[in-house]
Amino acid sequence: MKAAGLLIVILTGGLLIYATADFPPWAYPQSPASTHVSPRYIEKSIEETAVPNVVTAVLADYRGYDTMFETTVIFAAGVACFLLLRIRVEEGPEEQLFRHSLTGMTIRIKDGRKAPSDLEEFERIDAHWVPQDLIIKTVCRILIPFIQLFALYVIAFGHHSPGGGFQGGVILGASVIVLAMSHDLRSSLQRMGEKVNALLCAAGVLIYAGTGALCLAMGENFLDYGILAPLFRCDPVMARSNGIFMVEIGVGIAVMATMIRIYNNVSSAGRYDEGL
Amino acid sequence: MTQLLSEILTKYNYWIYITLMMIGLYAMIAKNNLVKKIVGMNIFQTAIILFYVSIGSKKGGTIPIIKHDHGAASHVVHAAEYINPLPHVLMLTAIVVSVATLGVALALAIKIYHRYQSLEEDEILAQIREK
Amino acid sequence: MIWQLDLAILTLVVVTAVGAIYIKDLLGTAILFGAYSFLMCLLWSIMGAVDVAFTEASVGAGVSTVFFVGAVFRTTRRTKD
Amino acid sequence: MSQHYPVLLVTVPLLSAFLISISGWLNKRLCFPIAVAALASASFFSAGLLSKVIHKNVVLYRLGGWAPPWGIAYRVDYLNGLVLVVVSLVALINLISTYRSVEREFSEKLGAFYTLYVLFVTGLLGITVTGDAFNLYVLLEIASLTGYGLIAMGEEDRAPLASLNYVYMGTIGACFYLLGIGYLYIVTGSLNMADISAILPSLYQSRAVLSAFIICMVGVWLKMAFFPLHAWLPNAYTFAPSAASSLIAPLMTKVMVYVMLRLMLTVFTPDFVFSAIDINRSIVWLAVIAISMGAILALTARNLKKMLTYIIVAEVGYMVGGAWLGNRAGMTGAILHLVNDALMTLCVFLVVGNIVYRMKGHSFEDLRGLFRKMPFTMGAFAIGALSIIGVPPTCGFFSKWYLLWGGIQAGHYAFVAALLFSSLVNVVLFFRIFEIGYYESPTEAHGGGHSQGSIEEAPLSMLVPLYLVAVGLVVVGLYTGAIVNNVIRLAVPPGIV
C-alpha cells in the first residue's frame, strides 16, 4: 500500500508540476484571473450593492446562490451526524457518577439503577471528571458573553470588515462549545436543547432560501435582492445591502446551530449525556 | 540555471501547495489509521485552498475592502489596487465544505470504533474476515 | 511582505503537516493539525485573504480541532502509524 | 411563472428538505407527504423544462439577476433536460416504492432520513442544471455528503466502513475536480462554463489546460467508479439500506457520467477532446478493461446486490467508452444508455429492496424458490435482467446497439468484443439467478415456518412502482426512435460525426 501510495503521489505531483510551468507568475497583476471577471466586482461593488467588503458582496450577492448551498452543505452535515450517531438511551449509560459536593465523595451507580435525583447535595459528573477546574470554569463563564458579543459584531459588521455570517456563526457556536467543555455537556444542553438546536439549524437555512424565494414571489429572479426595496423602504442598491444582511443572519444561525449539533454528537458519541 | 531558479522563486507558493497536497494524498492512501486518513484529507483540502488563494494574490494590491468615504459613492475604484476577491469567496465555500466533510467523517469513525473497538483499518478488516 | 517571515511560515506549515501525519498519538495529531491550520491562516492573511484567514482561524484552528479532540476522546489515542 | 422553472426545480426540493427537517421534530407523519410533494413538483418542473427546450430552445436563467460570467447562471439544453427528467422521476418512484421499508428501518429518525433523501436529489438536480463550474462543485458536495450519511445507515457491521472509504475516495474525487476548475480559472479567469469554452480555443496548446482536463476527468471518474477507481462502490452500495441503494445506485454514477459529458462537450468542446489531444483511443481501452473486469468481478460475487454493483461498474465502462469513441453513434449510445441504465438499475435494485423486505437478506441462499414465493417481484426482475442483458424490445438493447455501431464505425473492435463479452456474462449471471430462484427449493432456515409454495409477495405499495418501472423499460425501448430523434440527436454537438 505504501509503495502504491508513493507511486500515485509521485505521478500526481509530476502532473501538477508539469502544469505549473504554464501558469502566469505568482501575483502577476495582468494574469487572466485578475483581469477577466474579478475587476467588475472590485470596481462596481459599492456602486451596485453598497458593500465595501468585496468578499461579502460577492459571497452573498453576485455568487449568493453558491453560498446558499454552502450553508446547505453545513446543514446536511449536521443532519448526517445526527442520523449516524444519535442513539436514544432509555436505561442510561452503564455507569453514572455522582459527586457529593460537600465532602467530595463520589458514588457510582451501575446498570441503570435509580439515580439520587432528589438529593440536592449530589451533582452528576462525567466519567473522566477532573476536580481542579475552578479557574477554567470561572474564566470561561466570564468570557462567554464577550465571545458572543464579538460574534454578533462579526456578523453585523461583515459589510465593512472581514467577517460575516459564517465566521460569526462559528464563533457563536464556539461560545456554547466552550461552555460544554468547561462545565459539562448537560449544562450546555440545558441552555440549548436538542430540539431547539435542530429547529434553529433548519430555520437558519430557511431564512436564506426564504429570502431568495421572497424575491421570486415579488416577481424578480431568485435572490435578486433589488426587488425587496419597498419592503426595506429604501432604494434598490441599499436593498441589496440589506438583503445581504438578512442572508448573513440566516447563515449565522444555521452555522451556529450546526456546529453545536456536530460537537454534541461527536463528543458524546450520540448519547448526549457525557461530553468532552 | 538562473531561469530554473527564477521559475522556482516566482512560483514557490505553487510548489508548496503541491508538496502539501502530496503529503495529504499520501496520508490518505498509505496510512492505516482512520483518523490519520481524515487528517490527510483535511491537509489535502487546505492545500487546494492555498492554491486558490495564491491565484487571487496580486502584486501591489491590498485587501479587498474598498476604501470609501461616507456619502461619496462616486469615488473611482481601480481594480489593480485590490486583490482579486473571487478566489477568496470560492475558498470560503471550500472551507465550509471541508469542515462539513470532517464532521461526517469523524461521526463515521466513531461509529466504526464502537463496533470494532479499533481505528486501524487492517485490524477491522481482519475482524470482518474472521466472521 | 517580509520574505523571511513568509519562508519561516511556509517551512513550519510543511513541518506541522508531516508531523501531524507521523506522530504516533492521535491527540498529538489533532493538536498538530490545529497548529497547521493556524499557520495556514497566518499564511493567508499575509497573502491578503483576510476573510479566508478569519474563517480558517475560527473553523480550521478552532472548531475542527475541537471536533478532532472530541472524536479522539470518544475513540482512542492509540495508533500504529 | 414558467421562466422560473430552472430555479424552482432546485429550490422547491431544497425548501421542502428544511420543512421536512422541522416537521421531523414536530410531526413525523408530515415528512413523507412533503417529500412526495417536493419530488413530484420537481418532476413537473423538469418535464416542463424539457418540453420548453424541445419547443423553443435553450433555457437560460440568471440567479440573483446578475449576467453570466459575474453571476451564476442556469442553462438547460437537450442533454441536461433529458437527465433532469430521468433524475427527478427515478427519485420520485423510488421514494414512493420504499415508503414501507424506510418506515421499518428508520422509524426513529424518519425526519433526518427524508431530509437527506430530498437534499441528495436536490444536489443531483443542481449538478445537472447548473451552467457554472464552481456551483457544480458545491452541489456535488451536497449530493456526496448526504450520500455518505444515507449509505452508512445500512448494515450495522459493514456499512460505516464502506461509507468512510467512500468519504475518502469521494473527497479526493471532488477535490480533484475543484483543482481542475482552479487550473481553468488561472488560465481563463472565468468560472462560467460557456465563458470558459469561449476563451479556451486560444489556449489549447497550454499544458495547464491539458492538466486541468486530466485532473477534472480523474476526479469525475473517481466519483462515477470507472474501473481502476471503483474500489469504493461495491461495498458502499451493497451494505447501504435498500431505500438508499435503490436511490443512489441508479443516479449518482449516471449524473457523474453526465458531468463528464458536459465537461467534454461544453467546457472543453469536442475539438479539444477528440482533436487537439490524442488520448481518446487509450481511454476507450481503459473502458474495455473496465467492462471486462466489471463482468469478471460480477461472476465472483456470491450475493445478488454485490453482483449488481459490479454490473454497474461494467455499465459505467459502456458509457465512458461510448462517449470517448468520438463519433455520433457512440455519443448517442452513451447518452441513451445513461437514461436506460438509470431505469434498469432502479428496476433491479427495487427488486432487491422487495426481496430484502420479505427475506431479510440478499445472498444467493435467500433467493431459493423465490419465483414461487414472490412471483410478481421476480417477474419484474426478469424484465430488468433482460434489459441489462440487452434483449429487444427492452431499452437496454437499443443503447447497446448504438454503442456497438459506434465501436464498429470507429474501428475499435476490442470495445465491440468487450460489449459482447459483458452481455454474455450478464446472460450467465442472470440465468444463474433464475435457476436458483426457480429450481432450488428454499431451506427451512429461511422458510421460517411458512408452508412451502405459499405466496409471500411484497406489499402493493412496493409492487406498483416496480411495475411502473418494468413497463417503462419496454416503453422506453419502443420509443427509442422518438427519444433519439427529438432529444439526443440535438444534444450531440454537430461537430461530432
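This is a predicted model: local features need pLDDT of at least 70, side-chain atom pairs count only at pLDDT 80 or more; totals for chains, interfaces and linings use all residues.
Residues are numbered from 1 along each chain as its sequence is written, while chains are lettered from A and ligands numbered from 1 in the order in which they are written. Helices (H or I, at least four residues) and strands (E, at least two) are DSSP runs, numbered from the N terminus.

**Helix pairs in chain D**

- Two packed helices are described by the angle between their axes and the distance between the axes.
- For H17 (375-389) and H19 (413-438) of chain D, the angle is about 165° and the axes are 9 Å apart; axes are lines fitted to C-alpha atoms, for helices over the stretch in contact, and angles run from 0 to 180 degrees between N-to-C directions.
- H17(D) passes H19(D) in a left-handed crossing, meaning that the near helix is turned anticlockwise from the far one by less than a right angle (clockwise would be right-handed).
- On the H17(D) side, the contact (C-beta atoms, placed from the backbone, within 7 Å) uses Met378(D), Ala385(D), Ile388(D) and Ile389(D). H19(D) answers with Ser423(D), Asn426(D), Val427(D), Phe430(D) and Gly437(D).
- By class, the contact of H17(D) with H19(D) has 6 nonpolar, 3 polar and no charged residues. Here Ala, Val, Leu, Ile, Met, Phe, Trp, Tyr, Cys and Pro count as nonpolar, Asp, Glu, Lys and Arg as charged, and the others, Gly among them, as polar.
- H5 (110-129) and H6 (133-152) of chain D pack at about 150°, with axes 8 Å apart, and they are roughly antiparallel too. Their crossing is left-handed.
- Among the residues meeting between H5(D) and H6(D) are Leu116(D), Tyr117(D), Phe120(D) and Gly123(D) from H5(D), and Leu136(D), Leu139(D), Ala143(D) and Gly147(D) from H6(D). This contact divides into 12 nonpolar, 6 polar and no charged residues.

**Chain D as a whole**

- Chain D has 22 helices and 2 strands.
- Its radius of gyration, taken over C-alpha atoms, is 22 Å, which agrees with the value near 23 Å for a compact globule of 497 residues (the rule is 2.2 Å times the number of residues to the power 0.38).
- The C-alpha atoms of chain D fill a box of roughly 75 × 60 × 40 Å along the principal axes.
- Buried residues make up 67% of chain D; buried means 20 or more other C-beta atoms within 10 Å of the residue's own, exposed means 12 or fewer, and partly exposed is in between, with C-beta atoms placed from the backbone.
- Of the chain D contacts with a separation of 6 or more, 79% join residues 24 or more positions apart.

**Chain B as a whole**

- Chain B has 5 helices and 0 strands, in the order α-α-α-α-α along the sequence.
- A compact globule of 131 residues would have a radius of gyration near 14 Å, but chain B comes in at 22 Å.
- The C-alpha trace of chain B spans about 75 × 50 × 10 Å along its principal axes.
- In chain B, 63% of the 131 residues count as buried.
- For contacts in chain B with a separation of 6 or more, residues 24 or more positions apart account for 54%.

**Chain A and its partners**

- Towards chain D, 46 residues of chain A are in contact with 49 residues of chain D. H5(A) gives the most to that side of chain A, with 14 residues, and the side divides into 29 nonpolar, 7 polar and 10 charged.
- Towards chain B, 52 residues of chain A are in contact with 43 residues of chain B.

**A look at Phe33(C)**

- Phe33(C) sits in helix H2 (26-46) of chain C and counts as buried, with 27 C-beta neighbours inside 10 Å.
- Leaving out residues up to four places away in sequence, Phe33(C) touches Val39(B) and Asn42(B), plus Ala20(C), Thr65(C) and Phe68(C).
- Phe33(C) and Val14(C) are 19 residues apart in sequence and 11 Å apart in space, C-alpha to C-alpha.

Definitions and conventions:
Two residues are in contact if their C-beta atoms, placed from the backbone, lie within 7 Å. Angles under 35 degrees count as roughly parallel, over 145 as roughly antiparallel, 65 to 115 as roughly perpendicular and the rest as oblique.
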